[in-house]
Structure formats: structure tokens, C-alpha cells
Amino acid sequence: MRYVLRAAAAGKLEDGWLYLPNHENPGLDTACLMIVSDADEDMQLIASERGFSVEGLDTPTIEGTVHAALQFQDSPSDELLLESFVYYWRFDAWLPMPGAPEPPPLEEAKLEWDREFFDSLAAERPEELCRTEGCQRGAIHHSVLCRVHHFEMIRKEPCPFLE
Ligand SMILES: [Zn+2]
């Protein structure tokens, strides 16, 4: 791993794909397999046969992770190169900063976003009932619907909140 990262940092990594032994985060001393591009061969199959069944990244992307690390250090340490590689490999995103926490899973992020929207809706008016049949909630200002039904109209999916 260390060798591949250093080669990429030096701009000397051959074009190909890097394969890893498993889904665990690789360390600098993790053995990995670099397969040089050859369109005629099934790289994944070759890698699996040699015990490296997990697809890592391709050379342009590895170089991209070096570039991302360069934003933080002029000559990035092996550790930073590794961190940048692992971040992209796991999250499909460039390392935002050294020591960056893992991004929240998508569902969690969406729920937060939904919550923010729900909380931004105006208060319900007790004297003006929601127009949805059978709904006993009050309509919010500038809408004929309560918070829940206004949410569902805008987002076009069930509202996960009541309060
Ligand atoms: Zn309603």
C-alpha cells in the first residue's frame, strides 16, 4: 500500500486498478495488488484468484486522492496519503480535511434535512383546520394544510414527524 501511494505521489504509478485483500481499511503495510490496465483481461477475476477480491481504486482516482492530500501538506506524509485514499475508497468523496469524521450515512443525513424543513414550517393555527379530510390539526400560515400534510405535499412522501 505504502509503495503504491508513494508511486502515485511521485506521478509514477502505472495505469491500472488497485485491489485489496478484504473490506477492512488498508494500512500502510497492507499487501495489495496493482493490476496494470489491459482491456482484454478480466482484472477482477485475476485479482480474486490471487486473493485480492476487493476492488480498490484506479490510478487516476488514486492520483486524485494524492491531489486531495496536497491541499493540506506540500509533501504529504504516507499517513495522510493513506487517509485520503481510504476516505475516497469508503465514501466516494475527497478527504475534506485531515482527521475528518466519517460522513453520516445517507439516510441519517436525509432525516436531518427533513427535520430541518419540518421545523422551518410555521406554527399551526388552531382556528383554521387543515383541509385534509379527517385531519384535526390546524393549518399553518400561508397554507391550507397542517405541518404534516404540508410536508407531505412538498416532499411527496410520508412525513416522519408529528411534532
Ligand atoms: Zn393535516
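Let's start with the zinc spacing. Along the chain, the donors of the zinc ion follow C-x4-C-x10-C-x2-H. Keep in mind that this is a predicted model.

Which residues are those donors? They are Cys130, Cys135, Cys146 and His149. The cysteines each give their SG atom, and the histidine gives ND1. These protein donors lie 1.9 to 2.4 Å from the zinc ion. The site is tetrahedral, with angles of 102 to 114° among the four donor atoms.

Now take two of them, cysteine 135 and histidine 149. This pair links distant parts of the chain, 14 residues apart. Cysteine 135 sits in the loop between strand S4 (124-129) and strand S5 (138-140). Histidine 149 belongs to helix H6, residues 147-155.

Is cysteine 135 buried or exposed? Its relative accessibility is 10%, so cysteine 135 counts as buried, the limit being under 20%. Histidine 149 has a relative accessible area of 21%.

Helix H1 covers residues 2-9. Its buried residues are Val4, Leu5, Ala7 and Ala8. Look down the axis of H1: the buried residues fall within an arc of 165°, so they line one face of the helix. What covers them? The cover includes strand S1 (16-20), helix H3 (59-70) and helix H4 (78-91). Just after H1 comes glycine 11, with a positive phi of about 70°.

S1 takes us to the sheet. Strands of a sheet pair through backbone hydrogen bonds, either parallel or antiparallel. Here, three strands form an open sheet, in the order S2-S1-S3, with antiparallel pairing. Which strands stand at the edges? Strand S2 (33-36) and strand S3 (54-58) do. Each has a single partner strand, so one side of each is left without a neighbour in the sheet. From one strand to the next, the twist averages 30°.

Zoom in on S1 and S3. They run antiparallel, and three bridges join them. Leucine 20 stands opposite valine 54 of S3.

Finally, the helices on the sheet. H3 lies across S1, S2 and S3, and runs at about 70° to S3. H4 lies across S1 and S3, running at about 115° to S3. Recall H1 here: H3 and H4 are also among the elements that cover its buried residues.

Definitions and conventions: Residues numbered from 1 in each chain as written. Predicted model: local features only at pLDDT ≥ 70, side-chain atom pairs only at ≥ 80, totals over all residues. Heavy atoms only, no water. Donors = N, O, S within 2.8 Å, 3.2 Å for Na, K, Ca; no water. Tetrahedral: all angles 85-135°; square planar, octahedral: opposite > 155°, others 65-115°. Helix = DSSP H or I, 4+ residues; strand = E, 2+ residues; numbered from the N terminus. Buried < 20%, exposed > 50% of the residue type's maximum accessible area, 1.4 Å probe, protein only. Arc of directions from axis to C-beta. Contact = heavy atoms within 4.5 Å. Pairing = 2+ DSSP bridges. Axes fitted to C-alpha atoms, helices over the stretch in contact; angles between N-to-C directions.
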